[in-house]
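Let's walk through this protein together, one region at a time. Keep the 3D view open beside the text as you read.

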Amino acid sequence: MFTLQDNLYSTQANSRPNYKMAKRASLVVALLVSCCLLATADAAAYKALYKDPKMPINRRIKDLLARMTLEEKIGQMVQIERTVASRDVINKYYIGSVLGGGGSAPSPKAPPEKWVDMVNNFQNGALSTRLGIPMIYGIDAVHGHNGVYKATVFPHNIGLGVTRDPELVKKIGAATALELRATGIPYTFAPCVAVCRDPRWGRCYESYSEDTNVVRAMTEIITGLQGDIPANSPKGVPYISGKEKVVACAKHYVGDGGTTKGINQNDTVISNRGLLSIHMPPYNDSIIKGVSTIMISYSSFNGVKMHANRDLITAYLKNTLRFRGFVISDFEGIDQITTPPHANYTYSILAGVGAGIDMIMIPYNYTEFIDGLTFLVKKKFIPMSRIDDAVIRILRVKFTMGLFENPLADYSMTKYLGSQEHRELAREAVRKSLVLLKNGKSSDKPLIPLPKKALKVLVAGTHADDIGNQCGGWTIQWQGQSGNITIGTTILNAVKKAVDPTTKVVFVEKPDIEYVKSNEFSYAIVVVGELPYAEGYGDNLNLTLPEIGYHTITNVCGSMKCVVVLITGRPIVIGPYLGQIDGLVAAWLPGTEGQGVADVLFGDYGFSGKLSRTWFKSVDQLPMNVGDPYYDPLFPFGFGLTTKGVEGVN
């Protein structure tokens, strides 16, 4: 008999396979849902064309730009200093770039690994944003990777202009790129392509020459930094060839070397024709060579601040020269649009961004800039098209350099920092950058090359045994610094290595006349010069050495045969002392490899350098440049005595 209990049991028994079937069905449904989600995710990833390195760069830019909010776009236009940057700040404000200002380092004497770790930490903040747009870290590597301890410090540009050797500066660019990459940094604010027309300017040593053609030739350093641009590459499009190269920056656009009396950040009063013929050509050459970024000058052109000059930034640089990289301001550059600086920051943002500047080196109070620019866009004072133009240019550089594919650095390139190969290259550059201005009291009795074998040699002067003085400004610190600030060979140590082992070398920094006369020295080498400086701190209307320099020349050279080696960032007053001097060498700011000075003093190599600047008789003649109608220099542009070397003739 069939009972309720039997029926219940039967129902329960029959429900077991149904339960299993339901469970299986649920699993199938879950799998189907997962597959759909994965397919959706795959489709979304596929649609994110900007992440596909196989896609053309313009399509990647267009795809990414369409996904970006105003906040994300403005973030790309922001560059902040490393001391106010953090992973969280970069993530929160979508910061597009970080810089290390002059002397700004993760710690004193930080090894390359510490630099890599710092940059990667910032980068991880950028990569963790919604769209994962990597930031780009920049630094002033203007004569080698000069802000980093143990890096190779090359001669400053004034010395490189003396060499007239574009292939040499290309090699220096390539070496500098490797040393930058050794610290995880892919962007340098170099080269300076200013045409310095007045040596009273404190940045004159950053200029290759007073002559436009010499500066144009030296833009070859860009191909060393970024790589050789392909033959079929359209003009104006930035180019970086790989992970061993870096983004370069031609600066300071335009006319920074032509200011009145050489005063830093002053007004360049010149005709349009003069600007285009003297100061503009190096930028055209830089653009042809694929330079990725161009920095605007603090200076003015006929009373108009360059940071607010739309005619020259947008109309000429972007539209006429067809520059397709990004334009960056100088450090707090837009602040100086007003007088006094930062008096009306909203106006400065409007004028600077409106003029065509794409990335703003703020570098500290970034929220003020972000809020100000956001307000100006939302109130339609700045059109969205201007923001998009800026972001497109920034993204173009980031895509071109492979930053999306390789955003993080590792330790594999740390070996390049201060490598022996780079130091040998710097030593060669020193040799070729020296100018022999005088060799003997008469031409038939030359003093140089100096004999390596002598009884006793005096080395004197404030710059003979001082690596900081030898390197000049923009070395470890923004202004540079006297003393043992980094690794290198001083001129004193170079002399000791060069002479015969039996020759006694005596160093006295500030010898008096009695000391010099009471010792029987075979000859003396006096090394004196300017103390380190950078930018406006180096502006000098007198162009004289510190008094101790002239005293040392008088005390030593007035009593015995001597060679004076000048360590300066420009020609200085030397005419009144020339009669006492047997040999005179302009060594400029040679950097860490002082052995190059000894190489030519003692004849292992010959002197070959030719002045890239006119050497004046009196500062009253300034400005005076080659080609001027009243040209009466102490040493003319292109002057330089030559000698033959044992190991070959340069």
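Which residues of helix 13 (residues 345–355) are buried? They are Y345, S348, I349, A351, G352, V353 and A355; buried means under 20% relative accessible area, exposed over 50%, and partly exposed in between, with a 1.4 Å probe and protein chains only. Helices (H or I, at least four residues) and strands (E, at least two) are DSSP runs, numbered from the N terminus.

A word on the source: this is a predicted model, in which local features need pLDDT of at least 70, side-chain atom pairs count only at pLDDT 80 or more, and totals for chains, interfaces and linings use all residues. Residues are numbered from 1 along each chain as its sequence is written, and side-chain values use heavy atoms, with hydrogens and water left out.

Back at helix 13, its buried residues pack against helix 12 (310–320), strand 11 (360–361), helix 14 (366–378) and helix 15 (384–400); contact here means heavy atoms within 4.5 Å. After helix 13 comes G356, with a positive phi near 120 degrees.

Now turn to an open sheet of three strands, paired in parallel in the order 5-7-10; two strands pair if DSSP finds at least two bridges between them. Strand 5 (249–253) and strand 10 (326–328) are the edges, and each has a single partner strand, so one side of each is left without a neighbour in the sheet. From one strand to the next, the twist averages 25 degrees. Strands 5 and 7 (residues 293–296) run parallel and are joined by three bridges, and A250 has I294 in strand 7 as its bridge partner. Helix 11 (residues 281–288) packs on this sheet, touching strand 5 and strand 7, and its direction makes about 160 degrees with that of strand 5. Such axes are lines fitted to C-alpha atoms, for helices over the stretch in contact, and angles run from 0 to 180 degrees between N-to-C directions.

Next, the aromatic rings: the structure holds 16 aromatic pairs. Rings of Phe, Tyr and Trp (its six-membered ring) pair if their centres lie within 6.5 Å; planes under 30 degrees apart count as stacked, over 60 as edge-to-face and the rest as tilted. Y50 and F404 make an edge-to-face pair, 6.4 Å centre to centre with 80 degrees between the planes. Y50 lies in the loop between helix 1 (4–47) and helix 2 (57–67), and F404 in the loop between helix 15 and helix 16 (420–433), so the pair ties together parts that are 354 residues apart in sequence. Y50 is buried at 3% relative accessibility, and F404 is buried at 16%.
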